Amino acid sequence: MRSSFKTALENLSTGGTVTGKDLITILKSTDETEIDALFVTADKVRRLYVGDEVHFRGIIEFSNHCSRNCLYCGLRRYNDKLRRYRMSPEEIIDACDKAAAAGFKTIVLQSGEDTYYSTDVLAGLISTIKQKYDVAVTLSLGERSFEFYRFMRDAGADRYLIKHETADPELFARLRPGTNIQRRLDCLKQLKELGYEVGSGNMVGLPGQEAKTLAEDLLLMQELDVDMAGVGPFIPSEYTPLSRYPRGDLYLTLKVIALTRLILPRTNIPATTALGTIHPRGREMALRCGANVIMPNITPPEFRRHYQIYPGKESLISGSGKLENLQTLVLSMGRKISHNKGSAPKNRFK
Ligand code: SAH
Ligand code: SF4
């Protein structure tokens with residue numbers, strides 16, 4: 001192991017000041033011994049700070065309509081090959097009934113940026129869910145106004161997921177026409193101000209991204225002190241301008257997850273669906289190098305197959321994304337299934 005790598009790893013895993021230089025040294029390593037040491041250290045830090053429990057969050061993708069045109073995403077407005085759907089409030093509540101019965105303590109409502117549902121309808125849904133079940137409600141509805149966020153928070157929403165996607169302002173602007181990184185960061189700050197637990201995160205392997213960009217992603221998440229950090233590989237999606245670019249690398253994604261655990265020891269980190277999609281053991285590998293959350297897809301199958309952000313979401317092709325299989329996986333790894341809502345404790349080293 002190179003001494004520069006050893007020093008960087010020691011520094012990051014003991015609460016030292018995080019520098020771009022240390023992060024890049026680790027991100028660029030191709031040495032198996034070094035990468036193993038990173039993963040083992042991240043796993044230790046995970047056990048020490050958030051324990052062996054794995055939190056399950058059930059995700060309901062209730063609408064695949066989107067007014068945006070992100071270059072990487074299959075739900076983009078210009079994709080006219082996609083069959084669009086919207087679940088009715090009754091269908092959403094029905095899916096929540098099933099989620100609560102299956103024991104989920106967090107329900108995530110996700111969609112494209114779809115203004116079809118009025119704020120009253122959405123707020124009504126949230127308060128119904130909060131009254132009926134003892135669950136945390138997470139929203140992932142994209143960039144909305146401060147008033148919208150406040151309304152949903154008042155209705156009972158607990159958390160909001162809005163990944164910063166990439167910390168590179170130029171790349172962000174190129175990939176997400178009509179918006180910019182500052183607007184995204186403003187959303188994250190407003191959500192925090194309103195008392196939401198916030199989740200951010202990024203994609204690994206976006207065309208034009210470098211190790212330096214990933215280091216900036218990590219530094220940004222640390223600065224934002226996010227409660228959850230979702231890191232997944234970019235997966236090229238048919239009928240998008242990026243359909244011919246290569247997908248993000250498995251090991252590079254795992255390295256970013258491991259580094260996230262080191263610099264944000266108490267943050268909730270999901271083993272993302274995207275990782276499970278590019279490798280049959282992707283989620284397991286993530287759970288072994290820092291992750292402590294799994295987000296099974298509980299969208300009714302007739303809708304789920306049209307929520308094609310990227311192709312081949314693993315739950316569709318194999319059984320690996322199914323709740324029972326994921327629970328078996330967690331137990332077989334000697335980990336525990338959490339029965340609480342799994343709020344992120346405050347970060348910082350003791
Ligand atoms: N519309 C909302 C939520 C739905 S998109 C939003 O954009 O925030 C949810 C996540 O899917 C995004 O945050 C993005 O990181 C991820 N995603 C989109 N296209 C992807 C692709 N081609 N590969 C991997 N992840 C992708
Ligand atoms: Fe819409 Fe979100 Fe996809 Fe962008 S990433 S096109 S905002 S669903």
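## Ligand site

The model is predicted.

## Polar contacts and burial

A nitrogen atom of ligand 1 lies 2.8 Å from a polar backbone atom of Tyr72. A nitrogen atom of ligand 1 is 3.2 Å from a polar backbone atom of Ser111.

At Arg184, the side chain takes part. One of its N or O atoms is 3.0 Å from an oxygen atom of ligand 1. On its own, ligand 1 exposes 540 Å², and the protein buries 91% of that area.

## Largest pocket

The largest pocket has a volume of about 320 Å³. Its lining is made up of 19 residues. Asn297, Ile298, Thr299, Pro301 and Arg304 lie nearest the centre of the pocket.

Which helices each supply at least two residues of this lining? They are helix 4 (89-101), helix 13 (301-304) and helix 15 (323-332). Helix 4 gives the largest share, with five residues. By class, the pocket lining has nine nonpolar, four polar and six charged residues.

Key:
Residues are numbered from 1 along each chain as its sequence is written. Chains are lettered from A and ligands numbered from 1 in the order in which they are written. This is a predicted model: local features need pLDDT of at least 70, side-chain atom pairs count only at pLDDT 80 or more; totals for chains, interfaces and linings use all residues. Side-chain values use heavy atoms; hydrogens and water are left out. A polar contact is a pair of N or O atoms within 3.5 Å; within protein, one must be able to donate a hydrogen and the other to accept it, and residues adjacent in sequence count only if both atoms are side-chain atoms. Accessible areas come from the Shrake-Rupley method with a 1.4 Å probe; for residues, only the protein chains shown count as cover. On a 1 Å grid over the protein atoms alone, a cavity is a set of points where a 1.4 Å probe fits but cannot get out, and a pocket is an open set with protein on both sides within 12 Å along at least five of seven lines; lining residues have an atom within 4 Å of a point. Grid points are joined across faces, edges and corners, and a volume is the space filled by probe spheres set on the points. Helices (H or I, at least four residues) and strands (E, at least two) are DSSP runs, numbered from the N terminus. Ala, Val, Leu, Ile, Met, Phe, Trp, Tyr, Cys and Pro count as nonpolar, Asp, Glu, Lys and Arg as charged, and the others, Gly among them, as polar.
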